[in-house]
Amino acid sequence: MRLQYLALSALIVLYSLMFIGGYVSASGLGLSCPKWPLCPNGLLPSYDFLIEWTHRFVAATTGTLIVATAVGVWLNKKSDKKIKLTGTLAGIFVVTQITLGALVIEAKLHAVLVAIHLGIGILLFAMTLLTVLFAFRMARTQISA
Ligand code: HEM
């Protein structure tokens with residue numbers, strides 16, 4: 001897959017994840033799945049914790065797409081310093097964010113951890129967006145060169 005479309009799909013899935021996270025938080029469903037890493041039904045969803053299960057499932061998909069984008073950036077010979085920086089930071093933030101998600105559950109939704117979870121989510125979105133913009137610019141300059 002072309003790097004710019006991989007990065008764009010990561011951004012779209014990430015945006016949906018933040019949307020679902022906001023819903024989890026606002027509806028008070030954060031501890032509907034009290035275990036980590038899997039919910040009580042293992043890999044399968046259940047009506048009792050469907051929203052929280054979806055948040056984790058989409059988080060795993062997001063993590064895979066963002067790490068794949070970071071690897072793609074480093075493998076692409078045309079990548080400059082800027083896209084390497086944003087792609088790598090997005091990779092670091094996504095791993096941090098998923099780890100933090102576990103801590104949010106362990107600490108029973110401690111307010112400080114939930115606030116940091118939101119803050120890192122925003123930084124992650126910013127880095128992924130910049131990576132998308134740099135990847136499209138890189139693809140355009142390759143065509144016109
Ligand atoms: C890339 C990964 C992730 C992103 C971008 C993300 C993003 C978000 C966002 C934006 C919120 C809403 C925060 C708020 O409104 O204050 C949220 C809530 C939440 N997230 Fe995540 N999340 C990720 C992974 C995870 C993981 C792996 C877990 C682990 C279980 C998790 C657990 C939660 C919980 C429990 C809440 C609700 C907190 C509450 O009730 O206030 N998140 N997430």
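Helices here are DSSP runs of H or I with at least four residues, strands are DSSP runs of E with at least two, and both are numbered from the N terminus. On that basis the protein has four helices and zero strands. From the N terminus on, the order is α-α-α-α.

Before going further, two notes on the source. This is a predicted model, so local features need pLDDT of at least 70, side-chain atom pairs count only at pLDDT 80 or more, and totals for chains, interfaces and linings use all residues. Residues are numbered from 1 along each chain as its sequence is written.

On confidence: pLDDT is the predictor's confidence in each residue, from 0 to 100. The protein averages 95, and 98% of the residues score at least 70.

Now the overall picture. Taken along the principal axes, the C-alpha atoms fill a box of roughly 55 × 30 × 20 Å. Of the 145 residues, 30% are buried. Two residues are in contact if their C-beta atoms, again placed from the backbone, lie within 7 Å. Taking contacts with a separation of 6 or more, 72% are between residues 24 or more positions apart.

Next, two of the helices. The expected span of a helix is 1.5 Å times one less than its number of residues. α1 has 24 residues and reaches 35 Å from its first C-alpha to its last, close to the expected 34 Å. Its buried residues include L3, A7, A10, L11 and G21. α2 has 26 residues and reaches 37 Å, close to the expected 38 Å. Among the buried residues of α2 are T62, L65, I66 and T69.

Those two lists connect through A10. Leaving out residues up to four places away in sequence, A10 touches T62, L65, I66, T69 and T128.

That leads to the core. A nonpolar core is a set of buried Ala, Val, Leu, Ile, Met, Phe, Trp, Tyr and Cys residues joined through C-beta atoms within 7 Å. The largest one has 21 residues, and those with the most contacts inside it are A7, A10, L11, I66, A90, L124 and A135. Each of α1, α2, α3 and α4 supplies at least two residues. Which helix gives the most to this core? That is α1, with eight residues.

A residue counts as near it if its C-beta atom, placed from the backbone, lies within 6 Å. There are 26 residues around the ligand, the closest being G21, S25, G30, A59 and G101. The elements that give two or more residues to this shell are α1 (3-26), α2 (50-75), α3 (81-106) and α4 (111-144). By type, the shell has 14 nonpolar residues, 11 polar and one charged.

On to the loops. After α1 comes G28, with a positive phi near 70°. L29 is in the loop between α1 and α2. It counts as partly exposed because it has 16 C-beta neighbours inside 10 Å. Beyond four places in sequence, L29 touches V24, I51 and E52. P37 is found in the loop between α1 and α2, and a cis peptide bond with omega of about 5° joins W36 and P37.

Phi is positive at K108, about 55°, and at L109, near 65°. Most residues other than glycine have a negative phi, and most peptide bonds are trans. Why is K108 called exposed? Because it has 10 other C-beta atoms within 10 Å. L109 has 15, so it is partly exposed.

Last, K84, in helix α3. It touches V73, W74 and S79, not counting residues up to four places away in sequence. Its C-alpha atom is 9.8 Å from that of G72, 12 residues away along the chain.

Terms used:
Ala, Val, Leu, Ile, Met, Phe, Trp, Tyr, Cys and Pro count as nonpolar, Asp, Glu, Lys and Arg as charged, and the others, Gly among them, as polar. A residue is buried if 20 or more other C-beta atoms lie within 10 Å of its own, exposed if 12 or fewer, and partly exposed in between; C-beta atoms are placed from the backbone.
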